[in-house]
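Biologist: Could you walk me through how the chains touch one another here? I'd like to start with what counts as touching.

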Amino acid sequence: MLTLQSYLSLAAIIFSIGIIGIVINRKNIIIVMMCTELLLISVNFNFIAFSYFNQDIAGQIFVFFILTVAAAEAAIGLAILVALYRNKKSIDVHELRTLRN
Amino acid sequence: MIIDQLIWIPILTGLVVLILGEKRTNLSYLLSLLISSAIFFLSVYMYLLFDNTLASYQFELKVPWIDRFNINYHLGIDGISLPLIMLTTFLSPIVIYTAKTSLKNKMHQYIASFLILEGMMIGVFSSLDAFLFYVFWEAMLIPMFLIIGIWGGKNRIYATVKFFLYTFLGSVFMLVAIIYLYMKTGSYMISDFYEVSLSLNQQILIFLGFLFAFAVKIPMWPVHTWLPDAHVEAPTGGSVILAAILLKMGGYGFLRFSLPITPDASLFMAPIMITLSLIAIIYIGLVALAQTDMKKLIAYSSISHMGFVTLGSFVFFIQSGSMDLNTINLAISGAMIQMISHGLISAALFLSIGVMYDRLHTRNIEEYGGIVTKMPKFSVLMVFFALSNAALPGTSGFVGELTVILATFKVNIYIALLSALTLIIGAAYTLWMIKRVIFGAVTNEKINSQPDMKLIEAIPLSLIAFLILLIGVWPKPLTDTMNETILSLSYLVGG
Amino acid sequence: MNNELTLITPELIIASAICLLILVNSFLTTEKRYTGLIIGSITMATCALISLIFLIETTNSSIFNNHYKIDHFSTGLKFTTYLIALFIFIGTKTNKENTKSELVLLEIFAILGVSILASSNNLLTLYLGLETLTLSMYGLVASKRSSEIATESAMKFFILGAIASAIFLYGVSFVYGLHGTLFFEELNNATINNTIEMQLALAFIICGIAFKLGAVPFHSWVPDTYQGASTSSALFISTIPKLGAFALIYRLLYEAFIANAEFWSLLILLLGLLSLILGNVIAIAQDNLRRILGYSAVGHIGFILIGLSIGSIDGAIAALAYLVIYILMTAAAFMSIEVISTEKRAVVTLADIKDLNSTHPWISLIMLFSMFSMVGIPPFIGFYAKWIILSELINSDMLSIALIGIIVSVIAAFYYLRIVWYMYFEKNELPIMKGSPNIFQKTSISLVGLSILLLGIYPSPIINFCRSIFSPFLLID
Amino acid sequence: MLFNLSLIALIAPLFTGVLAGFIGKKIGKIFTNGVTILGVLISLIISIYILILILGNPELVFNQNAYTWLSIGSYKLSIGLLIDNLTVSMMIVVNFVSLMVHIYTIGYMHKDPGYHRFFCYISLFTFAMLSLVMSNNFLQLFFGWEAVGVMSYLLIGFWYTKESAIKANFKAFIINRIGDMFLILGIALLFSIFGTLDYEHIFNNTESITSNTVKLSSSFEISSLTLACLLLFGGAMGKSAQMPLHVWLPDSMEGPTPISALIHAATMVTAGVFMLARMSPLFELSTTALSFVLIIGSITAISTGLLGLVQYDIKRVIAYSTLSQLGYMVVAAGVSAYSASLFHLMTHAFFKALLFLAAGSVIVALHHEQDIRKMGGLKSKLPITYITSLIGSLALIGFPGFSGFFSKDALIEAVSHSSVYASEFAYYCVLIGVLITSLYTFRLFFLVFHGQLKDENIKVKEPQLSILIPLILLAIPSMLIGWPTIGPLVFNDFFANSIMQPSSNDIFGYEFTDSYHFLTHSLSGPVVYIAIFGIFVSYFLYILKTDIPEKLSTAFNPFYKLLINKYYFDYLYENVFARLFNNLGNSLWSKGDIKIIDNFIVNGTAYRVGRLSSRVRELQSGYIYHYALMMVLGLALFLAWVVFKSSGLVL
């Protein structure tokens, strides 16, 4: 029997993977963006799990909104990425440091 | 109402001058000269209306300003603010007047800065609401910052930033003290602060808060190092206002805030304050002896002289036995007289240095010598001012120092002895400068081609000389103005 | 039902304006300047007016099944937002370079987000408002598509923003899980709120908020974005979203989790102190004008957070006053930069404003107002901001925090003074080209600049207004 | 009436001085000297008139305030006039000498470009000196005291392009200021006791404070009166150039000769002596102070006289003589013989002014040559100067019948009868001093006027009339004034209303009948013979065996060196004290102000903040993952804190 605990742990693990993915990734921005999606997925997990165990529908509705927003976000993110690539001819994380200090 | 006009007319004129712009500089010059002189006469009128038999505030004006915090636009003067206001209104036209001879660029902004500064300085001296006081106190930094920074010498940026940060750091602590007092009293009225009862520890904290602000402004050792730099770099007018009036705000602050609000803490801190004053008088006096830059020398001399102000403000606290009101009265009066007198003398000295600087473009003492051979009229005044700076009897410089020494002697003979050393040290550094600058053979070729002081330069100096002499020969009108106020202050402090 | 729609008239108007703008954008070529400006300005003016009416009538009700709340706080905040936005539009969008309609579109979107945030009474509404705001900000930063630094900063902003909103949501999910509800009123439950789980969730949420405000250590995007975005976008980003973030804090911390005030105030204080110190200290070493303003923003946010950390309504009032005042000051600063930048010569570093006083005395005077105001020198309005926060701190026995605050402000004074000294004291061999700001720009910058001074001379309106936002009854006393 | 007259006497020189200073140059020399002489003349005439009135009616003596100078609380300080016998006699001396100098200056300075300035200065000086002597309170005394100091400062540095002159005036002012500091402390002490500075009030209440003490340390107390007297005397030491504050006076000879006569011989330097007399009600109550005065006076009298023996500058020799004579006056005050002291002051004013002016005449005649080694044989060339110098010299050494004889003899008489501590020491000092006086006086006299003319080429002729008239006018009192005045001034009660001193019997142990008897009485004592012996010795040394002095100086080389270096006082002051303070100032500035306060604390803080800032900005590395890491760390920090908090580990 899967308990709430299990779902939450899974979500936490996914969340951590997402975070770690962003932090240790030194290569490609696409991967970073995928990791942010992972973060949102873990949140969705949480909401659904809570929604189910609390017997409350609001959480699931929330998830719908999150998914929608995530889609919009991804769209914007990719748009920025394209613009960036056009200017820089690269999407390497390392090279994104014109702005610093 | 009249104080209101004293504050806002100059400020508004300043704004008008700014709007008139660079093209109409001449018009602005005349206008500001006219207005600032009118302000002086207005203050004279106020002096005539002033009733010196009253200790209370006069010409009071109280309008709610920030209701939420019970802050009022509350103005008024008493015996200790009136002379300082007169000093301000007297020197401001002079400074504006001298702008023409000593300035090349952006004169309209220069004049505007001084006009705005004038209004704010009067505001500081006439605010009866601590918040209003603070607003004026801080706001003054801006024009002064610009004056030193724009029209200053080579190292002006360093000097002006140092000046700004130093004073700003000092005054923020005062802000904390003021807010703290507001929390205790529920009002920002200074007179309400007098009545609040505080424990010794609270008093000491408040005292320290005020001390930071006033000590930097006066300035007291060891927070004085901004002053020489600021003076050296400032244009003549800036130095004049800085030395003559801005420094006085520290002394005024002690009398208006520290002493009456925190008498117990003042008593507790008095030994430290006296020590610092003596250090200012002696240490700084010796340092002045070592200067090669005229303005720096006068700047250090200012610090040393302001030592008498702090000495006078605190020395009576260490009387053995009960506090003698007469001594308190004498000491505080001495401090006040010293402030007025130093205001005049230092202004005059800086103006004189300005006259020389305009000709030779150096302030280095070594490059001078034998000025008197080419500029005898100027030298007469310069020597006179120097002697006043050395506290020659018959000049105002003597009155303040005498009074403080008399009061000090009543308290402690050794402190009196140490403070009296200024008679020697002060004479030494001032006259040594005179010896090297005014007297002697002409060594610098440039001096030979210099014309004597023009009438236009002589007028302001002569006016100041006249006042110095007047106060020196007959200080009674001055002390009569202050007497009642200082007496009631003495009661607050000693009673 | 009808009534409910009346109450959200401003939002509806904005939404319609958005649609209109999209339509206009599709049918008109970009040469038609000023359409965005005109539509945006009219919208903002109308909305401000309506909010003002609501404010005066002290409208107060919950609508949409309690998801949306029209109360004094929301109307007040909206009114402020619209008013500021109006000034920003007039001040920046009249510049030839900023006439692209999508800028206005994005900005109005963001304003809509702020409106929703301000009115939200439910975590979901809150989230939607937040994302509306954030997503349009990403677009705004990236709007200068051909610029390398703009896109780079947008990318950074986007990724960090995504992380932050995920962190925030993660916390929200826990709140939801623990309470079983998303409505603020029901979240205010001390027994649950004091559990460690709830505190952990709150920590997540505060991280998200801190990012929005740009508090250390979630500040990294601020300087980069300020530098990367175009001046007008930077101006927008530095002002309106801060109001949204304030609404976020108020709705969440002061309404939903006020019972935990003791807990979150410590976190907020920590964030505040870190921001205050680091922001100001790093700003000292900067040469880029907009980066200086960016770090300065971090420092100011520090002050605001410290004010909020008091945990009382007075603290919140002080913080809001600070925020509004900060927005005025920063608007003046960015507008000045905007005005003196010309196509040929962008004003980027301090060296670019050398001797500005000689060529643009009025603009440099306004810049000077703004800088001294940021330092906290009276009679400029910035002084009152600092003073109110200090007063509240001292009032709540947080003297040591107050002392840290003022010492840091003195340190911070240095870099503001540096801007002034470059404008006034430095001599420039290459005089700055005389830009030609149009009358609208001049007017709006003058208005903002003078308001810094005039409100400084008579600050009661702004103080009373901020108080009235929190409680309509306070106006009376 | 009398008050207004006195006021006119006081103001006249001020007015004319200012007039000369401001418009003199525009109108002309005649105007300048005319108006200033008129001023002093008015003052002199009024003084004499007042004297006559007072002699006729002692009731006329008055003490009246002119105006309140300052009033603070219950304290009132006033400016006022006290006209009594002491004041009047000082007024006459001052005005008379001043008048002579004014007249003399017309000739002496007629080519000098600073002609008008000079007249302005000496007139102002006269005013300052008058306000000093006419004062009825300590405050005004101090006013005059400093004012004469300033005029002296300006006059010593009159030739301001001369480095030595401006060095001398600086030195004079500073050393005077040391004395003034003590004076003002003394005044402050009196003020702290009496709460007023009026002579009358203080002198009438001295009895009440005889037991007052001032605590100097926890174990040491000193009588207030003694302390006050010592401090006041400190002031007198500065102005009257007593050891060790004497060094400025010889240097002050850098000024024009007329002012050496007026200021540095006749009037200003005697202000200290005048003050001692004025303060007699205080000093009489403190034997300690009197002894101190006595010792300082005797040391000055003898040691500075010795220095006069080795000087070659004509004015310096006279200056050292002045120092020595001032020592005599102070000695007299030390033994309570104030009247004798004042008498000597008066005669000294005449004969020393005469000597200086005569020296000036010689200097003018020799085209501003001051070295006596280059003089000689001027007797025939400058007959009037010669004769007047002789009169002055004889008066100075106390040759019987001359004015100096009476005053000095009375003074020595008083010392010999005194029983004050150290009076014996003082007696021997003054006796030896007599010999020395006569030695240096006639050394000078012989070297200048006798012997051979050194440079035949210079045309030497008697200077113009305005120089000679004062010489003659001064020679008369120098010779004769002792006869009529010794009786009333010294032995009778002329000063009774102004000076408090024991009866003349107690002081002198001698019943005075008339001046002739006094002369014969003195001839029974050693003083006269010592003086005359001195003349012979110097005749022998400087006329007959002119190589002996040289030999003597080599034989007693260390002593000679000591003398030629003026006991190393100048060295001590300039190279030790002045340098010490200068170095102290320099190092306080460079080490204290610049290094520690400015560079370390102020700019150091700024620098450290700046460095911190440039370090911390590295945090903003530009890498997204660093930014993200920072956020995550922030989050982790919060979470950790929550966890620790709930487990009770923190807060």
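Modeller: Two residues are taken to be in contact if their C-beta atoms, placed from the backbone, lie within 7 Å, and please keep in mind that this is a predicted model.

Biologist: Fine. How many residues of chain A are in contact with chain C?

Modeller: On that definition, 33 residues of chain A are in contact with 34 residues of chain C. On the chain A side, α1 (4-24), α2 (29-54) and α3 (58-88) each supply at least two residues, and the largest share, 16 residues, comes from α3(A).

Biologist: And by class, what is that side of chain A made of?

Modeller: The side of chain A that touches chain C has 22 nonpolar residues, along with eight polar and three charged ones.

Biologist: Switching topic, which pair of chains shares the most contacts?

Modeller: That is chains B and D, out of the five pairs of chains in contact; there, 45 residues of chain B are in contact with 43 residues of chain D.

Biologist: Which helix of chain B gives the most to that side?

Modeller: α18(B) does, with 12 residues, while the helices of chain B that each supply at least two residues to the side touching chain D include α12 (263-289), α14 (325-360) and α21 (476-494). By class, the residues on this side of chain B divide into 31 nonpolar, 11 polar and three charged.

Biologist: Last one: how far apart are the closest C-alpha atoms of chain A and chain B?

Modeller: They lie 25 Å apart, and no contact joins chain A and chain B.

Definitions and conventions: Residues numbered from 1 in each chain as written. Chains lettered and ligands numbered in written order. Predicted model: local features only at pLDDT ≥ 70, side-chain atom pairs only at ≥ 80, totals over all residues. Helix = DSSP H or I, 4+ residues; strand = E, 2+ residues; numbered from the N terminus. Nonpolar A, V, L, I, M, F, W, Y, C, P; charged D, E, K, R; others polar.
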